[in-house]
Structure formats: structure tokens, C-alpha cells
Protein chains: 2
Amino acid sequence: MASKSTQVQVSLGDRSYPIFIGSDEIRNADIARYVSGKKVLIVTNETIVPLYLESLQQQLSDKHVDSVILADGERHKNLETLNLIFDQLIGGHHDRKTTLIALGGGVVGDMTGFAAACYQRGVPFIQIPTTLLAQVDSSVGGKTAVNHAMGKNMIGAFYQPQAVIIDTDTLSTLPDREFYAGLAEVIKYGLIVDADFFQWLENNIDLLLQRDKRALAYAIELSCKSKARIVAEDETEQGIRAILNLGHTFGHAIETFQNYKQWIHGEAVAAGMVMAAELSVVTGDLPEADLQRTKALLQRCSLPVTPPADMTSDDFARLMLRDKKVLDGQLRLVLLKRLGEAWVTDQFSIDHLNQVLTKACAAS
Amino acid sequence: MASKSTQVQVSLGDRSYPIFIGSDEIRNADIARYVSGKKVLIVTNETIVPLYLESLQQQLSDKHVDSVILADGERHKNLETLNLIFDQLIGGHHDRKTTLIALGGGVVGDMTGFAAACYQRGVPFIQIPTTLLAQVDSSVGGKTAVNHAMGKNMIGAFYQPQAVIIDTDTLSTLPDREFYAGLAEVIKYGLIVDADFFQWLENNIDLLLQRDKRALAYAIELSCKSKARIVAEDETEQGIRAILNLGHTFGHAIETFQNYKQWIHGEAVAAGMVMAAELSVVTGDLPEADLQRTKALLQRCSLPVTPPADMTSDDFARLMLRDKKVLDGQLRLVLLKRLGEAWVTDQFSIDHLNQVLTKACAAS
């Protein structure tokens, strides 16, 4: 018997879609319902293939199903890899009625979504995220992109999926390091919009670290609800949506500095969120105690709370100015007014920022 | 004194925009009004640079203006060339408030538009088309794309510009062959939606071929009005917009067969429109006399009315099945119900199509 799944709705008018969250959801969800044509291209990666590809193919046995298997890892998230998806689509005579399915983590989801946005100027796609990070963040909200040699997520589109299928069982095979990195984004929702959830996380962090299924499903549901609410308010990031990038401007600087070869995204975001919280303390908004709670919770998840040892404050200053959130030359950051409330602002002094960068780099 | 320009509006709700048509419009139009930020990237090609780049830069003297000069020609319309635009944008620290300006023909317009659609998930852009084909067709309506090695315009987006500036003086420097190719698309509007305009073209073809400015401005205005009306009705080509592709499925087969190295787009479309008209005669819709009028008008413009001599009907059959307008394996074509009325249909027999292909290939 199918176990009960939870549904969260992303409300975007004629681009609205459901998120299904549950155990064994790859087998339980009615995925075929979201495939309008006869053909499907599953995009996945070499790590996921032996785990879930066959289950998914069985779900779509009355469709013509092709698949393309990409190399795993953020460094492959570029136009060249994207072209492999197009090769498969065109070589397999996929027309405008085809549906793409992203089966994998954030890299697979971002690339599949962008390929769907561009192929023949737009075909439908479905997200089946298999990492915690993708489940609580990148698969929801329609941000798709590839990286450019000179910057992360520089080339992309806002393009919403037909549905998001979150199978919580996939987390049982997720390596620890990726699981922890996903928790960084879960904690982010507490910090930016939901102080109660932050406290729930503090109280239940042991259960989450043991990968208790009920605790995980709840944390994913609450994360998706927060994200859905913010995205519904500001789909194309004209304003409030940018708070989802808490820690990301610092984090992107770290990832760029390391050429995406050392820390993974959630780790860089964790250290970045601490730096954003530190700046929020220096500007007089966030109580020092809440900064310490943030660090403590991230540390419980084995996440870094200081930048990489080999980065200097000058490295940060240089790399942060390349960030997408720089508008007309003015650096804008997501900071915390208080725990559970983030805002986007350029109202901070460069001296305060330098002070935080210097202190953070000295501490690492 | 600025000469009077004509304005055509493309009505698409909050994505509406004006088309300005007039002599010396690069100097006369208030282009800066459509640039919201401080930075601009002009995308152009090596042919256009000595002709119009300086005039345009002078128009934007209070902005920070960068430019990128692409190689000329359809064979450069691919992801690699697109990346040169991204290199310039990122290298020049262009942020989300930048505006791209396409100064050139259809290739420049398609690539600039797609780059604008993707860069940081979307920045504004302006079209300044300098070929007749781009002025009456590709710059209006928001279709942007690059080619894939295996198919034309396979990767793209629907993305509308802020404004289209059509300077009719640019046609005085256009090579004959490109001018004639543009006339193919002008004639197309007569065939698909405007029998009166078709007759006007028959009556005024000598003036147009002499590049009489008033006649040209009128033909461009009527073409843009027809295109604007169709696009307003069906922005993302769910239905009626596809009639704009009259002759294009045949034409793309020709271009693909020649690897984009012999006939230019308008030439392939001209031969393709004749084939579509021939099929419309065979199916009993179009009177033979209107087919002959179509051929005669195209021939006055030195355009081909039969396929390339080295193409067989098998080549067509094979290549047409790859076209974007194939849905779930079913070939759909734009045919003429009568002169001035096109429709999209799969209601034709394969025998009739083969008969037309065989006859056309034998005639060439």
C-alpha cells in the first residue's frame, strides 16, 4: 500500500505546480500524470543510475523513455554538458511535446531545467531531486542555470517545472557530507523567515542527523513551504526572493576561489551565512547570542563556520564584486534584522564589511 | 530636423513594446529612453561596425557602452559564439541592470536576444535590425535562438525586446542578395494574411527593387503590423503563430542539406513557399493561378522557386521529419487555404507531399 505523502503547492498562476514529499515517492507518485506527450528524456548522473533509474523507468512504461547520463559534480554544470542533453534530444527526435525529467541533485536539476527552458524555446520538465539540498532548495522555484568559467549560475532562466517529486528514501543513500550540506539550506529557512523552525531544528537536530524519516519529512516540508511562499511572492527575484541567497554572496566567493574543487555548495553557504550573521551583529541588528546559536547549529551538522584557511579578505572583496547581486556597481547583501527575518540591503559600511572579512579570515 | 517616423505597437501586456520605422532612425530615435541602467553592451558584427557602430555609440554617450563584434554569418549562430557575448558581459562586470543592443541582421538579433534571455536569467535588450529580413521578421516577436549542429534554432527562448528601431537607411548598404532574401519574407505576409498587400507588392515591386524609400517604409510597416498582430494573438506559438513559418519546413531542409553554406535563409524560404503553395494546389485549396502569381513575384525578386538541383525528394523527406514543427512524430505544415490565408495542418496525404517533392526536385 502506498504510504501517505504530503503535498505543498507553489502558487504561480498558470505556472503553479505541486511538490509531493514522501517515502518511496518515485514508485508511489503518479509521475506519468505530469507527462503530456509520448516521449520522455530522463537526465541523471552516473551515481544515481544504479540506484533509481530503473524504478523511474518502470513508472513510465507506457511512454517512450530515453535517458542521458551526465558526469557527476558542479564542475560539469556548463554549456558543454548542457549540449550533451541537446544532442540526445535532437538525436532521439524529441519534439516540442517531450518532457524532461531531472533525476538527481542540484546540478542535474539546474541543467535539466535550463535545457527544458531552451530546447525548442521551452518544453515541460519534472524535478525528482535526490539530494537534501536539491529537495529543499534548488528543485523548487524555477531557477535554472549553468555556470560560466568566470562565474556561477551566470547563464540561466526562470522556468518552472510541472511537478516536484521528493522521495525521502533517496536520502538514505546520500553521503554524509552532502547530507550535512543540505542541512545548511534547511537551517537557512529558519534564519531568514522562521524563528520557530530554527528552534525546532535546534531541538531535533539529533533526530535529523540520525536521518529519522519523520523528522526529515517535516524539515523538508517546512523548507519547501517557506520557499514556495517566497517564490509565489516574487518569482523573478525583483525583491524579497533574494533573501533566499543568505550567505550565498560570501559562499560563491569561496566556491569561485576554490574553482568549485574543494568545498561543496552547502558548506560554502554555511560559512557564508555565519559571515552574513557576523555583519548583521556588527551593524547592530542581530544579537550576538543568535550568531552563536547559528554557529552552534551549523557545527552540529559538521559544517564550516569560518572561511577556507587560504582565503584572505582581499580575495573575498575581489570575488564578491562579481556576484550577480551587485547592481550598478553597488554590492548588496542579505543580512539578518533578527533571527527569522532577513533583508536585502546595501546599507552597511565597507569598513564594517572589511572588519568582518578580516576577522573571519583570521579565525580560519 | 528629425524626419517623421512610423510607430507600430506589439501588444503583449507588460511585455508590450514599440517598433519605430524611419529614415536615419539610429540617430533620430530616443534609444537611451529604453536603457534603464548605466551600462550597455552593443552586440554587432564585423560588417556593421564601420557603418553604424559610431552613430549608435554617440546616441548613448551618457552610458557606459561596451561592444562585442561577432563574425558574420549563420554558421556562427551557435552556443560557442553565444559564449563570446557572455565572456564580454562577465568580463566587463555587467550586472542585471545592463541592456544589450543587437545591431545587425537576424543572426546578431537572434543571438543577442537569447543572450539577454539567459544572462543572469534575463536582462533587457533592444533590437536595431540592419537587414530587411531582420526588420520585417526576426527582430519582431521575441523568438530568439541559436543553432545546434543537428538542427536550426533548436536552442532558444521567447524573449521580447524593450523596443525595435528600424532605420530604413541601413537598406541602402545591404547587398542585393540579402535584400532579395528579405523580400521573400515580405511577400510571405501577403501570402499568409493579407491578399491586398500581396497585390500591392505585385503593383509596386519595381519601386521596391529600386529601393524607393517610401515604398520600402510602407512594406516594412505593413509586414511589422501583420507580424505584431499574429504575435499578440499567440506569443509562444501554441497555434496561429506557426503560419509565420510558411515555407520554413521545406526551407530548413534545404539549409540543413547545404549545411547553411549555400543558400541564405530567405532564398530557402522562397523555394519552400513555392513548395507549400504547390502542395496547397494539389490538396485542392489554392487555385493554380495564385501559385503562378506567387512564383512570378518571387522570380521578380531574383529568388529561387525550385529546390537546389542536387537535392532529392528523399533528402527532403528525411530532413523535414527533424523539423521543430513535427509533433509526436506527425509532420505538420503551413499551407494556403487561399492567397492571403494560411493554416497549420497535418491533413494532407503523404502521397500528395511526395508528389510535390518529386515534381519540385525534378524541376530544379
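Helices here are DSSP runs of at least four residues, numbered from the N terminus. With that in hand, here are some close-ups of this predicted model.

**View 1. The annotated binding-site residues of chain A.** An unreviewed UniProt entry places the feature "binding site" at E185(A), H248(A) and H265(A). These residues are spread over 81 residues of sequence, yet they cluster in space, with a largest C-alpha distance of 10.4 Å.

**View 2. A closer look at E185(A).** Helix 6 of chain A, residues 176-193, is where you will find E185(A). Because its relative accessible area is 0%, under the 20% cut-off, E185(A) counts as buried. Beyond its neighbours within four places in sequence, E185(A) is in contact with L133(A), V136(A), D137(A) and V269(A), as well as with H248(A) and H265(A).

**View 3. A closer look at H248(A).**

**View 4. Where chain A meets chain B.** Here 36 residues of chain A are in contact with 36 residues of chain B. The two chains bury about 3400 Å² between them, and 58% of that lies on carbon and sulfur atoms.

**View 5. Polar and charged links between chain A and chain B.** There are ten residue pairs in polar contact, both residues at pLDDT 80 or more. By class, the side of chain A that touches chain B has 15 nonpolar, ten polar and eleven charged residues. The count of salt bridges between the chains is two. A salt bridge joins the side chains of E237(A) and R96(B), at 3.2 Å from N to O. Helix 3 (79-91), helix 4 (106-118), strand 7 (143-148) and strand 8 (151-158) of chain A each supply at least two residues of the side that touches chain B.

Key
Residues are numbered from 1 along each chain as its sequence is written. Chains are lettered from A and ligands numbered from 1 in the order in which they are written. This is a predicted model: local features need pLDDT of at least 70, side-chain atom pairs count only at pLDDT 80 or more; totals for chains, interfaces and linings use all residues. Side-chain values use heavy atoms; hydrogens and water are left out. UniProt positions are given in the numbering used here, feature names are shortened, and annotations may be inferred rather than shown by experiment. Buried means under 20% relative accessible area, exposed over 50%, partly exposed in between (1.4 Å probe, protein chains only). Contact means heavy atoms within 4.5 Å. Buried area is the accessible area (1.4 Å probe) that two parts lose on being put together, summed over both. A salt bridge is a side-chain nitrogen of Lys or Arg within 4 Å of a carboxyl oxygen of Asp or Glu. A polar contact is a pair of N or O atoms within 3.5 Å; within protein, one must be able to donate a hydrogen and the other to accept it, and residues adjacent in sequence count only if both atoms are side-chain atoms. Ala, Val, Leu, Ile, Met, Phe, Trp, Tyr, Cys and Pro count as nonpolar, Asp, Glu, Lys and Arg as charged, and the others, Gly among them, as polar.
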